[in-house]
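The following paragraphs lead the reader through a structure, chain by chain and site by site. Please keep the sequence and the coordinates in view while reading.

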Amino acid sequence: MDVINLTIDNKPVVVKKGTTILQAAKEIGVHIPTLCYMKLEDLNIENKPGGCRICVVEVEGRRNLAPACCTEVHDGMVVNSHSIRAINARRTVMELILSDHPTDCLICAKSGNCDLQNMAHYLGIRKIHYEGEQSHYRKDTSPAIIRDVDKCIMCRRCEMMCNEVQTVGVLSAINRGFNSVVAPAFEMNLDHSVCTYCGQCVAVCPTGALTEVDETGKVVRVLSDPTKTVIVQTAPAVRAALGEEFDMEAGTLVTGKLVAALRRLGFDYVFDTDFAADLTIMEEGTELLNRLGKHLAGDKNVKLPILTSCCPAWVKFFEHQFPDMKDIPSTARSPQQMFGSIAKTYFADKLGIKREDLVVVSIMPCVAKKYECGRDEFKVNKNPDVDYALTTRELAALIKISNINFRTLPNEEFDNPLGESTGAGVIFGTTGGVIEAAVRTAYELHTKKELPRLDFDELRGMEGIRKATIDFGGTPINIGIAHGLGNARKLLEEIQAGKSEFHAIEIMSCPGGCIGGGGQPYHHGNAEILKKRQKAIYQEDSKKAIRKSHKNPYIIKLYDEFLGHPMSEKAHHLLHTAYFDRTEEKG
Amino acid sequence: MPKIKLSDSTINIIKGICAEFQNKESELINVLHKTQVKLGYLPAEVQEVIARELHSSVARVYGVVTFYSFFTMIPKGEFPISICMGTACYVRGAEQVLSEFKRQLKVEVGESTSDGKFSLNCLRCVGACGLAPVVTIGEKVYGRVAPTQVKEIIAEYRQGNIQNDVKTD
Ligand code: SF4
Ligand code: SF4
Ligand code: SF4
Ligand code: FES
Ligand code: FES
């Protein structure tokens, strides 16, 4: 291996050939500020356009300053990361960026979480010495995401996410110079594009240029309406991340405080999407076993692998990009929608109220769920099964403005009957979790035997594509897992080419799964945060008394009292859905 | 945006051009260039075919089309008008000339008149700075154009008596 010796700020460093100044500096604890650059370690995600020049450093013997994020080190290099010249250059660059940026911080959705704002603060900018015309662009509002391109600093992180990680290809830099922005083709609105609303562009945007549609106002309004019963469901990944918004260590589980906060916000019943995740497993697991049984019996018409369908961004992705395969995914609705459907039938009946008087709010790590609950299939007489989907971030904002001291809240329990869940429901929040939950149930239903173990380590981890074979009492079942739509695409292309060896595949759009969802507290490029959230999810699972969906007593009761059995006609009507070919929709 | 339907033969021309460049995304600029030379312009529908053939995204293709001023998404008029916006022309009043053309033709830069006769574009220095401000219409070059002359110039083309000599008055 070629090694390079250099010094940074008078400290000697030895690194591998090909290392950048930025990486080398990091190894010896020298912090060089960056803005456009972003790297998610272990997830193979890196944005390195070398565009902003905030990271410039002085290199002895070199005439101009070097951008640390994209300059490779060489032997004998002498770097000064904070010389007067470097600092002045950074400040000049920053002032130039700010000269074409609205000074909206007081009312910007990103304020307090904005990398640009933090950088201006870090560099001590007090005056912008450059005045000039500012570029203006119309705002683009879609069902889930708002693009306010006036705040775009052309770091191109979103473009990298959308094109390289997700392979959706909606966003691209267009025009040139002063007029350049990141936009969909023909500058059409997002809702006319093939955008999946995965929200990964929002998750990495350093500024307020990309944000979720804020629906907290609407939720506050229904909460204060005495004629409405307002219930809430919270997705598994929320409890592993919400604490970060209140300065708690990443990976702190805040389930009990979350329930307490929702009660104090005035929700009449606080329920758990994990309950619906258990329900999803009952339906999806049964569907898997049906298809598998037919396949093993030699039925040539049955299609395998079966693909999970709980991620709405993934659903929209294959509807646009692989419409010929729309009969392969499970027809099971996502847990959010199963919850809404059961709430507005079974639970409304129990309360003896009309569905119109019951408002279902969900707290999701996800921006795509905002789009999902507006889909026509999930409405009855124009009344949606789920009325509003708030992100984890929106919930945090709501808690803050309501003067609730989150950190000192007691731990409280979910309400029943839609609040009881198993460990299987919890792990839906991470990549690998849905399929592990499905295995725990499908194995027992198939073999009629108790599982010898509950932790399937071979299904866990952060690798983009994972494979494992699980022995179902003599029948080997090949399982695939993909997170990030680019990885999903690879598995889909294998299926298309007839080369897939899998019986079942789990797909989640967001890197890491929902723990890395587009609606979660911002990770600011720190992948450690995602790993800590993942650990927290498995920790919650291991603490649960019941860890298999089919053992959830309230699920058993729901089938007894209301649904009959999995895949019954009623279940079909309420818990399953159809997919559509959207190739014609793109503009 | 208005949808146009590409004929099968047009689609085949585009596919042929893409194939000439091995359907490689890295050849996008060359593919666009050749397609525009062949078809005259690159409307959205053409970009969609190219994106599909090169396994790229439409947004990427559109990004490149809007980056290079050479590419155009609208059909060129029978008489393509270009106003030089280079420094010399700019300081000698090109902008006023441009706004007069816009006013007379009722089009914006990058558009064509509805009868398809004229299209309007801006250029960087065309190398005739001594004649600034410079306007070109097709192959012809007009020098020292004053806003007051614009109406007259357009009329000449409308009436069909196009002049061949370089105007230098
Ligand atoms: S939400 Fe996802 S698919 Fe849509 S533009 Fe952003 S990254 Fe691309
Ligand atoms: S929209 Fe945000 S992420 Fe995308 S280029 Fe602009 S500032 Fe960067
Ligand atoms: S992976 Fe989870 S958070 Fe991301 S889009 Fe899918 S459902 Fe939403
Ligand atoms: S961080 Fe290095 S150029 Fe932007
Ligand atoms: S600036 Fe117009 S011809 Fe040179």
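Predicted model: local features only at pLDDT ≥ 70, side-chain atom pairs only at ≥ 80, totals over all residues.

A residue is called buried here when its relative accessible area is under 20%, and exposed when that area is over 50%. Of the 169 residues in chain B, 44% count as buried. The chain contains seven helices and four strands, which follow one another along the sequence in the pattern α-α-α-α-β-α-α-β-β-β-α. Its C-alpha trace extends over about 50 × 30 × 30 Å along the principal axes. When contacts in chain B between residues at least 6 apart in sequence are considered, 61% of them join residues at least 24 apart.

The domain assignment divides chain B into domain 1, residues 8-67, and domain 2, residues 79-167. The C-alpha centres of domain 1 of chain B and domain 2 of chain B are 30 Å apart. A cis peptide bond is found between A132(B) and P133(B), with omega at about -10 degrees. P133(B) itself belongs to the loop between β2 and β3 (135-137) of chain B.

The largest pocket comes next. It holds about 1,800 Å³ of space. Its lining comprises 41 residues, and those nearest the centre of the pocket are S69(B), F71(B), V109(B), G110(B) and N121(B). Two or more lining residues come from each of the elements α2 (28-39), α3 (44-53), α4 (58-67), β1 (79-84) and β2 (118-123) of chain B. The greatest contribution is that of α4(B), which supplies four residues to the lining. Sorted by class, the lining of the largest pocket has 23 nonpolar, twelve polar and six charged residues.

Chain A is assigned four domains: domain 1 (3-122), domain 2 (140-212), domain 3 (216-275 + 336-408) and domain 4 (280-332 + 420-575). The centres of domain 2 of chain A and domain 4 of chain A, taken over C-alpha atoms, are separated by 30 Å. Their contact involves 16 residues from domain 2 of chain A and 17 residues from domain 4 of chain A.

Around ligand 2 lie C152(A), I153(A), M154(A), C155(A), R156(A), C158(A), V182(A), C205(A), P206(A), T207(A), A209(A) and L210(A). The shell of ligand 2 consists of ten nonpolar residues, one polar residue and one charged residue.

Ligand 3 has around it C311(A), P312(A), A313(A), C366(A), K369(A), M508(A), S509(A), C510(A), C514(A) and G517(A). By class, seven residues of the shell around ligand 3 are nonpolar, two are polar and one is charged.

Several loop residues of chain A deserve attention. E245(A) is located in the loop between β13 (229-234) and α7 (255-265) of chain A. Is this residue buried or exposed? E245(A) counts as buried because its relative accessibility is 15%. Leaving aside residues up to four places away in sequence, E245(A) touches N113(A), R393(A), A396(A), K400(A) and P521(A).

Most residues other than glycine have a negative phi, and most peptide bonds are trans. F186(A) is not a glycine, yet it has a positive phi of about 60 degrees. This residue is placed in the loop between β11 (181-183) and α5 (200-204) of chain A. F186(A) counts as buried because its relative accessible area is 8%. N403(A), likewise not a glycine, has a positive phi of about 60 degrees. The loop that holds N403(A) runs between α12 (392-401) and α13 (423-426) of chain A. N403(A) counts as exposed because its relative accessibility is 73%.

Chain A also has a cis peptide bond, which leads from L304(A) to P305(A) with omega near 0 degrees. P305(A) is situated in the loop between α8 (273-296) and β15 (306-307) of chain A.

Notes:
Residues numbered from 1 in each chain as written. Chains lettered and ligands numbered in written order. Heavy atoms only, no water. Near = heavy atom within 4 Å. Nonpolar A, V, L, I, M, F, W, Y, C, P; charged D, E, K, R; others polar. Domains from an automatic or database assignment. 1 Å grid on protein atoms, 1.4 Å probe; cavity = no way out; pocket = protein on both sides within 12 Å on 5 of 7 lines; lining within 4 Å. Points joined across faces, edges and corners; volume = space filled by probe spheres on them. Buried < 20%, exposed > 50% of the residue type's maximum accessible area, 1.4 Å probe, protein only. Contact = heavy atoms within 4.5 Å.
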